[in-house]
Amino acid sequence: MTKRIDRRNFIRGCARYSLGFGLAGVVGFVAKDTIAGEWVWQIDPFKCTSCGRCATHCVLNPSAVKCVHAYALCGYCDLCGGYLKPGHISRDTAAENMLCPTDAIKRKYVEEPYYEYKIIEELCIGCAKCVKGCSAFGNGSLHLQIRHDLCVNCNECAIARVCPSDAISRVPKTDPYLIKGDFNKGEDV
Amino acid sequence: MIKNVTGYFFVLFFVCFSFIAHAQQQRFPKPEFETEYQMPETSSPMPRAPFMEYVDVMVLILVMGVTIWLIFKKRSRKGIFWVAVFALLYFGFYRQGCICAIGAVQNLALGIFNPGYAIPISALAFFVIPLLVTLFAGRIFCASACPLGVIQDILIVKPIKIAPWIQKTLGLFPFIYLGLAVLYAATGTDFIICRYDPFIGIFRMGAEFHMIVLGISFLLMGMFVARPYCRFICPYGAMLNIGSRFSKNHLSITPKECINCKLCKDSCPFDAIDFPTEEKENKPVKSDTRRFLTYAAMIPLLVVLGGWAVSASYKTLSKAHSDVSLANLLIANPEKMSETDNLDIETFMASGRTLEMLMQDATLVQEKFRKGGWWLGGFIGLVIGLTLLNQVIYRRRDIYEANRGNCYSCGRCMEYCPVGKPDHPYHQLDPKNQNL
Ligand code: SF4
Ligand code: SF4
Ligand code: SF4
Ligand code: SF4
């Protein structure tokens with residue numbers, strides 16, 4: 001009886017140490033390139049093609065993706081391609097003229113002939129309609145970013161998986177934004 | 001003046017509006033304001049502070065440490081329950097199910113096979129610590145630290161018994177799932193464990209409809225089939241199961257010596273209590289040795305067969321990769337290239353990548369799947385072989401004890417044991433029990 005138990009314990013011990021060393025081996029193997037901080041997900045605005053999936057594929061509803069405005073790049077146009085629908089009736093704040101489905105862009109008169117456009121993030125759903133308009137007709141100052149106060153940092157971003165342009169990737173947590181004008185990737189700025 | 005230029009551009013671009021990547025173009029000059037206008041800053045709210053990851057790791061260690069103390073020293077199911085509820089609230093509802101030890105194996109696989117990805121130390125810690133603890137104390141992680149396990153555990157109502165052969169057969173699935181998850185993560189295709197995590201939608205109070213339905217059905221089923229995800233799906237549980245079989249210490253039902261009173265026999269909702277072997281089974285039969293040898297000889301065969309079979313289905317397996325599926329679609333239906341209602345095709349056509357480049361990438365991915373398929377299939381074959389072999393290994397048992405592999409160390413059975421509890425009703429039944 002004790003012999004049986006001794007033998008069992010011996011086998012158990014051997015197996016335990018082999019598993020333990022196996023585990024240590026795997027850890028040792030990856031340990032050489034671990035990073036201290038986590039990754040977070042971010043959209044590269046220069047790869048993004050405004051496909052609209054950001055609004056529908058985030059695990060959050062509304063999406064953690066919001067439109068942000070790089071004011072330094074903005075032309076402050078009266079006729080804003082991101083604000084007004086193509087073929088708009090008049091150039092004012094009436095809903096039927098507006099591109100944004102949720103009325104999340106505020107237009108403010110600055111001085112002749114300039115207007116400031118500001119995103120109300122609480123209303124924005126990340127649909128990229130304005131981004132598309134601004135990139136096609138304007139300076140491309142409106143662009144999408146994952147907002148890290150909202151994003152729950154999924155192990156694999158549900159939008160990254162379906163993004164047709166591969167625009168979403170992991171970036172270091174210490175540098176979590178790719179805001180246009182802040183990083184020098186667009187050549188013809 | 002500016003207005004006219006703007007209008008002109010507007011019309012021009014409306015006409016030739018096409019699907020373009022948004023390279024920045026300074027079409028309009030930066031305005032020179034004459035008034036005191038201050039340009040606002042583009043805000044960038046920061047993510048959770050980096051040191052919080054280490055808080056998560058500390059909480060994990062703390063929860064498991066307290067659980068070990070509760071199991072081995074206090075023998076308190078109630079204590080374990082409350083620690084588990086805390087962990088559910090913290091890792092489940094506060095951390096919303098991410099970071100999680102179950103999914104971390106994918107980060108590990110991605111880190112090993114993808115040079116562009118370095119695994120964060122916290123994710124590695126979440127993967128390793130529960131496994132290490134399991135080697136020394138059993139499945140402590142499952143007892144109280146795993147939000148997925150705990151949410152099922154606290155909702156057990158009236159567990160039914162499941163025939164052992166069903167359990168063993170379905171119990172093979174976690175290994176297959178584990179292998180698939182590693183293959184898909186290593187090839188950079190998908191994180192299937194995270195994607196099909198049935199409870200994360202509940203933690204986040206929102207997910208795709210079918211995932212919510214899945215999560216709720218798991219919980220409903222779990223009222224009667226205790227911990228269905230843990231037993232028949234969880235890929236991390238598969239690893240913990242193996243580790244726990246060889247653990248140095250393990251929860252024991254009785255504090256001292258089992259008196260074979262049978263009181264604990266039905267206490268485990270997961271059928272994880274092994275009964276004493278019956279006398280007539282106690283003599284090993286010759287045919288068992290023969291069967292053992294046959295099964296042992298079959299293992300290499302199963303490994304090769306499994307490897308070949310899975311590797312041969314690399315085309316099907318690799319379809320989950322976006323490049324492969326797009327290439328397949330375009331090769332099968334070249335006319336779709338001009339289609340405008342398929343976003344993926346449209347974006348691909350506008351991207352400047354040629355079909356040849358896409359096919360090249362797809363072939364590379366498929367090649368990875370073909371190679372990985374051998375490993376995956378071999379692994380599955382090995383698991384099946386060892387399971388069969390395990391059936392014929394005879395183990396004599398004189399007492400009721402927890403099955404080290406399947407036991408989640410939940411502590412329920414400990415409460416049923418009358419040993420060391422003089423006021424337990426069992427001792428009042430029969431005077432000769434009183435000295436226990
Ligand atoms: S158009 Fe879409 S992306 Fe732009 S501000 Fe409105 S909701 Fe946000
Ligand atoms: S990581 Fe998750 S929460 Fe964040 S943007 Fe992606 S899907 Fe949304
Ligand atoms: S088996 Fe898996 S899901 Fe269940 S408690 Fe263990 S790790 Fe968690
Ligand atoms: S501690 Fe293990 S054997 Fe006991 S009831 Fe829980 S799972 Fe079953």
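Student: What do the buried residues of helix 1 of chain A pack against?

Tutor: They pack against strand 1 (34-35) of chain A, together with helix 4 (101-113), strand 1 (119-120) and helix 5 (121-137) of chain B. Contact means heavy atoms within 4.5 Å. This is a predicted model, where local features need pLDDT of at least 70 and side-chain atom pairs count only at pLDDT 80 or more, while totals for chains, interfaces and linings use all residues. Residues are numbered from 1 along each chain as its sequence is written, chains are lettered from A and ligands numbered from 1 in the order in which they are written, and side-chain values use heavy atoms, leaving out hydrogens and water.

Student: Which residues of helix 12 of chain B are buried?

Tutor: B:Met211, B:Gly215, B:Phe218, B:Leu219 and B:Gly222. Buried means under 20% relative accessible area (1.4 Å probe, protein chains only).

Student: What puts them on the same side of helix 12 of chain B?

Tutor: They cover an arc of only 95° around the axis, so they share one side of helix 12 of chain B. The arc is taken from the directions from the helix axis to the C-beta atoms.

Student: How do you know that the span of helix 12 of chain B agrees with 1.5 Å a residue?

Tutor: The expected span is 1.5 Å times one less than the number of residues. For the 14 residues of helix 12 (residues 209-222) of chain B that should be 20 Å, and the end C-alpha atoms are 20 Å apart, so the two agree. Helices here are DSSP runs (H or I, at least four residues), and strands are E runs of at least two.

Student: How far apart are the C-alpha centres of domain 1 and domain 2 of chain B?

Tutor: They lie 29 Å apart. The contact takes 13 residues from domain 1 of chain B and 15 residues from domain 2 of chain B; the domain bounds come from an automatic or database domain assignment.

How values were computed:
Buried < 20%, exposed > 50% of the residue type's maximum accessible area, 1.4 Å probe, protein only.
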